Structures are given as structure tokens and as C-alpha cells.
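Biologist: Before we use any of these labels, I would like to know what stands behind them. Please set each value against its definition.

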Amino acid sequence: MIMAPAGAKRNILERLDAGEIVIGDGGFVFALEKRGYVKAGPWTPEAAAEHPEAVRQLHREFLRAGSNVMQTFTFYASDDKLENRGNAQRFTGAQINEAACDLAREVANEGDAMVAGGVSQTPSYLSCKSEAEVKGIFKKQLNVFVKKNVDFMIAEYFEHVEEAEWAVQVLKTSGKPVCASLCIGPDGDLNGVSPEDCAVKLVKAGANIVGINCHFDPMTCVKTVKMMKEGVERAGLKAHYMVQPLAYHTPDCNCQGFIDLPEFPFGLEPRILTRWDMHKYAREAFNVGIRFIGGCCGFEPYHIRAVAEELATERGYLPAASVKHGNWGAGLEMHTKPWVRARARQDYWEKLKPASGRPKCPSMSTPDSWGVTKGHADLMQHKEATSLDELKPLFEKAKASH
């Protein structure tokens with residue numbers, strides 16, 4: 001039966017404590033870049049204030065696909081990021097965050113969804129600014145989320161657990177539930193802190209929900225969250241778990257994930273997961289005990305619909321968008337061609353191995369492995385646009401590595 005659950009909305013911890021599955025949304029920066037509303041490179045979310053109709057529509061598509069969480073489009077919306085390396089700052093972080101909160105709340109109120117305010121890693125941390133300075137950036141963002149009364153907070157896309165701890169400590173002052181999500185793989189953060197130890201640090205900092213987002217494919221992210229869960233349990237602590245991976249296959253990634261792949265960001269389409277891959281992901285995440293399941297870069301609404309359809313029995317309902325789909329391609333029964341009608345079955349799609357259509361396309365790539373992280377000269381950020389003198393040695397280094 002296709003329906004939405006009725007009744008008063010409960011907060012995320014009440015839902016998770018009751019054993020419910022919470023489905024997140026997808027990767028707004030990538031989705032809106034493809035639609036022409038975000039610039040690749042800065043990846044900043046001015047569209048919330050500049051093109052609210054585009055952000056509102058994407059929220060609605062994820063809601064229709066089954067999302068319980070409308071995450072504010074506030075990724076990289078700190079002022080130090082908005083003015084970094086020549087990015088034209090047409091709006092302040094506060095203006096973007098306020099507009100994003102209003103859009104997320106408007107759409108959340110149209111269904112059974114919660115609003116999550118989000119903060120992410122900062123250029124200031126990479127440039128070795130002090131703990132007080134970095135925390136001040138998070139506090140400035142949090143003030144807007146408190147003013148707009150979001151339902152819970154997400155600290156996401158952190159490569160260094162130390163910065164994530166600082167974010168959690170600030171977000172906890174709001175009194176709202178806090179999620180902490182690192183963009184790391186099984187090898188740990190960029191300082192070599194293991195996923196198990198990262199999770200323990202985040203729970204001790206005050207995170208109610210810990211997990212992984214971005215940088216790696218779904219199965220790699222699920223594996224990493226499983227490691228985090230084991231670490232938390234060994235430490236005698238308690239938490240809920242979340243996962244919001246890429247929608248790309250990344251078996252060839254190193255510790256920095258897909259940003260090191262030569263295809264990033266404009267040649268990733270051959271790696272995209274099918275909706276049937278998403279069924280496998282949703283089931284695996286559920287089986288290891290993850291109950292906040294969503295997506296990040298590359299996820300489109302149909303991917304989230306697949307997650308919702310796979311877990312429909314456990315949730316007790318299908319998303320509204322399933323009206324236009326049909327279980328395991330059942331809608332193909334109506335196709336005019338008999339050989340296409342013959343594909344209206346689960347075993348066909350589960351066994352399919354999609355071809356790339358590219359005769360000389362390699363199955364995997366060699367990632368760039370520059371091995372730089374916080375404090376390295378190449379990562380020192382500044383407001384001015386990147387100069388040609390800065391770019392020339394990078395071009396030469398890139399040539400030498402291939």
C-alpha cells in the first residue's frame with residue numbers, strides 16, 4: 001500500500017529508539033550542479049537564496065521518493081568557505097542558512113519529514129586556525145539553526161575527527177539531537193585515526209548518532225559504519241548509526257575517496273549505481289544495524305525511492321513516488337515490445353551486469369595520491385582567486401603523477 005504514516009511528528013531519537021528506519025535525502029550539491037544551480041569547485045549553496053525554486057523542488061522530489069529528513073542546503077555555507085579562493089560571495093552564510101531552513105521546513109511540513117541543519121568542514125581548519133576560531137565558525141552557523149528551530153543537527157563531511165569533535169561540542173549547546181558523519185573509509189581519518197576510535201571520540205563529544213557520508217561507495221561506507229559500531233560497543237557506549245554514501249562505485253579509491261579519482265567531478269557517470277544496486281545497499285545497511293539510511297553525492301530521488309522500496313516491509317508503507325514505478329520493474333508489463341515485457345521480473349534486474357558501452361574503458365582508475373592534509377602548504381586557503389603562478393606547479397605535479 002502506498003501511503004505516508006499519519007500522526008504527530010516525533011523527533012529523530014524517538015523514532016530511532018523505537019526501532020524505526022529513517023531515510024535521508026540525497027546529494028544536493030551534485031544534483032543542483034548538474035541542473036545548473038551550483039558551481040563545481042566551490043560547491044557552495046548560494047542557490048538556497050539565489051534560486052529557491054530549484055532547491056524547493058529537489059526537496060519535494062526526495063520527500064516524494066520516501067525521505068524522512070529534509071536536510072537544509074547549507075553544505076559549505078560558512079563565511080570562510082563562501083569567500084575562499086576568489087569565490088564571489090553574493091550572500092552571507094546567515095542569509096543562505098536562513099533561506100535553506102525556510103525551504104526545508106516548508107517541504108517537511110508537506111509530509112512526515114524532519115528538518116536537519118547541517119555544518120561541514122572548514123577551510124580554516126585546513127589552514128591550521130585555532131580551535132576557538134573554528135568553533136566560532138560553527139557557532140555562527142548554529143545561531144541561525146536555533147533561530148529557525150530545526151529538528152536536529154548534522155555535522156557532516158569531516159575528514160579529520162578532531163574538527164568533527166569540535167563541531168559536535170558546539171552543536172550540542174543547542175540542546176537538539178546531534179549526528180556526526182565523517183567522510184572516511186575503513187582506513188580511518190586523514191590522520192590515521194581508525195573508524196572505531198573516531199566513533200568513540202564522537203560519542204564522547206556528545207553525538208547521538210554517528211556514521212559516514214560521502215567519499216566512498218555504499219558498501220564501503222556500510223563496512224566503515226559497522227567498524228564504528230563495533231568500536232562504540234567495545235567501549236561500552238551507546239549510539240545510533242547513520243550512512244549517507246556516494247551513488248558511485250569506488251573500489252579503486254584510496255583513503256581520500258572519490259576526490260582522488262581522475263574522473264572527479266565531471267566524468268563519474270559511468271560509475272553510477274543503478275536503482276537495483278540501491279536495493280542491495282539498503283538491505284546491507286539494515287542488516288548491520290544502521291537505521292538512518294540516506295545518500296550523498298550522486299544520489300538522485302530515484303535512488304532514495306529504491307531504498308524506500310527495499311525497506312517498505314519494515315517501514316510498513318511505500319513512498320508516493322512508487323505509484324509511477326512498480327515493484328522490480330513491474331511497469332514494464334505494459335511495454336509494447338515483448339522482449340521488454342520479459343524484463344518485468346526481479347531475477348532479471350538482480351542478475352544484470354550493465355555494460356558501459358565504452359569499448360576501451362578501463363574497469364578501474366589509478367587515483368591521484370598526493371598525500372597532503374591539514375597543515376600542508378598546498379592546502380593553505382586564502383580569499384584571493386587562485387593565481388596562474390599557483391596553478392602551474394600543480395599542473396606539472398599532476399602530469400608527473402600520470
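Modeller: Leaving aside neighbours within four places in sequence, Cys296 is in contact with Gly26, Gly27, Asn213, Cys214, Gln244 and Pro245, where contact means heavy atoms within 4.5 Å. This is a predicted model, in which local features need pLDDT of at least 70 and side-chain atom pairs count only at pLDDT 80 or more, while totals for chains, interfaces and linings use all residues. Residues are numbered from 1 along each chain as its sequence is written, and side-chain values use heavy atoms, with hydrogens and water left out.

Biologist: Why does Cys296 count as buried?

Modeller: Buried means under 20% relative accessible area, exposed over 50%, and partly exposed in between, with a 1.4 Å probe and protein chains only. Cys296 has 11% relative accessibility, so Cys296 counts as buried. Cys214, at 2%, therefore counts as buried too.

Biologist: Where do Cys296 and Cys214 sit?

Modeller: Cys296 is in the loop between β8 (292–293) and α13 (301–310). Cys214 is in the loop between β6 (209–213) and α11 (218–234). Helices here are DSSP runs of H or I with at least four residues, strands are runs of E with at least two, and both are numbered from the N terminus.

Biologist: Which residues does the "binding site" annotation cover?

Modeller: In the unreviewed UniProt entry, the annotation covers Cys214, Cys296 and Cys297. They span 84 residues in sequence, yet no two of their C-alpha atoms are more than 6.4 Å apart, so they gather at one spot. UniProt annotations may be inferred rather than shown by experiment.

Biologist: What makes the span of helix α8 agree with expectation?

Modeller: The expected span is 1.5 Å times one less than the number of residues. For the 17 residues of α8 (131–147) that gives 24 Å, and the end C-alpha atoms are 24 Å apart, so the two agree. Among the buried residues of α8 are Val134, Ile137 and Phe138.

Biologist: How many cavities of 30 Å³ or more does the search find, and what makes a space a cavity?

Modeller: The search of the whole structure finds 1. On a 1 Å grid over the protein atoms alone, a cavity is a set of points where a 1.4 Å probe fits but cannot get out, and lining residues have an atom within 4 Å of a point. The largest cavity holds about 30 Å³, a volume being the space filled by probe spheres set on grid points joined across faces, edges and corners. Its lining consists of Glu159, Cys183, Ile184, Gly188, Leu190, His215, Cys255 and Gln256.

Definitions and conventions
On a 1 Å grid over the protein atoms alone, a cavity is a set of points where a 1.4 Å probe fits but cannot get out, and a pocket is an open set with protein on both sides within 12 Å along at least five of seven lines; lining residues have an atom within 4 Å of a point.
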